[in-house]
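Hi there,

Here is the structure I promised to send over. Have a look at it first, and then read on for what turned up.

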Amino acid sequence: MSKTNRPPDSAKLLHPGGHAPGDPLAPSLSHASMFHLPSDPAPGQAVYGRADNATWQALEAGLSALEGAPTLAFPSGMAAITAAIMARLKSGDRVLMPEDGYYATRQLVQQFLVPLGVRLVLRPTLGFAEGGFDGFAVVFIETPSNPGLDLVDIAAVTAAVRAAGGLSIVDNTLMTPFGQRPLALGADIVVASDSKAPGGQSDVLMGHVASHDAGLMDAMRAWRTLSGSIPGPQEAWMLLRSLATLELRFERMCASATVIAERLAAHPKVQALRYPGLASGAEAELVQRQMQRPGFVIGLTLADKIAADGFVARCPLVEAATSFGGVHSSADRRARFGDAVAEGFLRLSIGIEPVDALWRAISDALEG
Ligand SMILES: *Cc1c(COP(=O)(O)O)cnc(C)c1O
């Protein structure tokens with residue numbers, strides 16, 4: 001691991017400092033929309049709730065400790081992605097996105113920005129660098145891709161994008177800063193949905209952006225304030241509470257996913273299995289180089305729709321639900337949402353259940 005790729009500062013997250021005697025240890029929750037303002041505001045003074053909130057600031061201090069860079073909180077992953085895209089794109093620009101990544105990201109550009117003159121180019125995640133990056137204002141990278149779990153070489157692609165004069169945005173939702181550090185690998189902006197593992201309890205939607213570029217951060221902050229795409233204080237507080245245990249949960253989820261993926265790969269009912277921890281050849285070398293952990297999401301292909309739906313219905317420890325990253329294992333048959341995957345493909349998200357009990361439930365449900 002290179003020096004710039006050091007692990008997140010979770011001690012700083014847990015001990016942010018800056019307190020006075022009598023201050024509560026737990027962050028307080030501020031709902032204020034108005035602030036006393038007798039004269040011209042001093043620099044940094046809170047003025048209005050659409051621009052200023054103490055609970056966001058506490059959350060952003062925690063997120064910044066994890067990202068090792070300045071961060072801004074948003075009310076969902078898509079709100080964060082929108083801010084990152086709007087920070088730079090203008091009419092006439094070309095943007096490159098994965099054709100097999102998170103569907104809402106490309107649909108956002110297709111439905112709202114293409115009519116305003118943005119040109120969208122889509123490529124498969126596998127071979128993303130083929131064709132080069134000349135002429136793209138923004139290159140959007142998702143690795144591992146959701147749901148196919150294909151990989152992009154972040155260091156190679158972000159360097160090539162920068163050399164071609166473009167901006168790179170990496171969606172790090174599947175990995176969190178404990179699994180992968182795109183900014184250290186050269187990304188200009190990291191975006192993430194914190195509705196997944198960072199929240200972890202399936203009860204909050206949030207997202208964030210992170211960047212070392214002050215101009216980009218100013219633009220994304222202005223986007224948030226002017227568009228009003230602001231987190232609710234309650235959700236910010238809930239996410240901050242969850243962040244304290246993210247490393248523990250993520251470690252457990254990744255360790256269990258490794259065990260489950262190995263056993264699934266050897267199971268006769270499994271037609272195909274995709275998991276970064278079981279990659280081979282050049283892909284394994286890339287996993288080794290750019291990922292600190294293999295993640296908790298497994299791409300599992302069973303015979304067909306009936307086999308996949310039946311498996312999930314029979315398994316008491318795997319909830320049938322879309323989204324992922326909760327403390328409870330869950331599975332989503334992605335073809336039902338139109339992803340270009342096999343009818344029997346499940347995106348299996350491994351939770352924090354005791355791994356032996358989880359495997360027993362999974363293997364019993366596979367037997368039918
Ligand atoms: C879920 C997800 C998003 C969107 O996040 P929301 O919080 O649902 O808006 C973006 N990218 C990826 C990879 C995701 O999995």
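In which helix is Ala257 found? The answer is helix α8, which covers residues 246–265. Please keep in mind that this is a predicted model.

Leaving aside residues up to four places away in sequence, Ala257 touches Tyr275, Gly295, Phe296, Ile298 and Ile350. There is also Ser349 to look at: Ala257 and Ser349 are 92 residues apart along the chain, yet 8.1 Å separates their C-alpha atoms.

Stepping back to the whole protein chain, you will find 11 helices and 12 strands. If you take the contacts between residues at least 6 apart in sequence, 70% of them join residues at least 24 apart.

As for overall dimensions, the C-alpha trace spans about 75 × 55 × 40 Å along its principal axes. The radius of gyration is 21 Å, which agrees with the value near 21 Å that a compact globule of 368 residues would have.

The chain carries 30 positive and 36 negative charges, and the mean positions of the two sets are 1 Å apart.

Terms used: Residues numbered from 1 in each chain as written. Predicted model: local features only at pLDDT ≥ 70, side-chain atom pairs only at ≥ 80, totals over all residues. Heavy atoms only, no water. Helix = DSSP H or I, 4+ residues; strand = E, 2+ residues; numbered from the N terminus. Rg over C-alpha atoms; globule rule 2.2 N^0.38 Å. Contact = heavy atoms within 4.5 Å. Lys, Arg positive; Asp, Glu negative; His and termini not counted. Charge placed at Lys NZ, Arg CZ, Asp CG, Glu CD.
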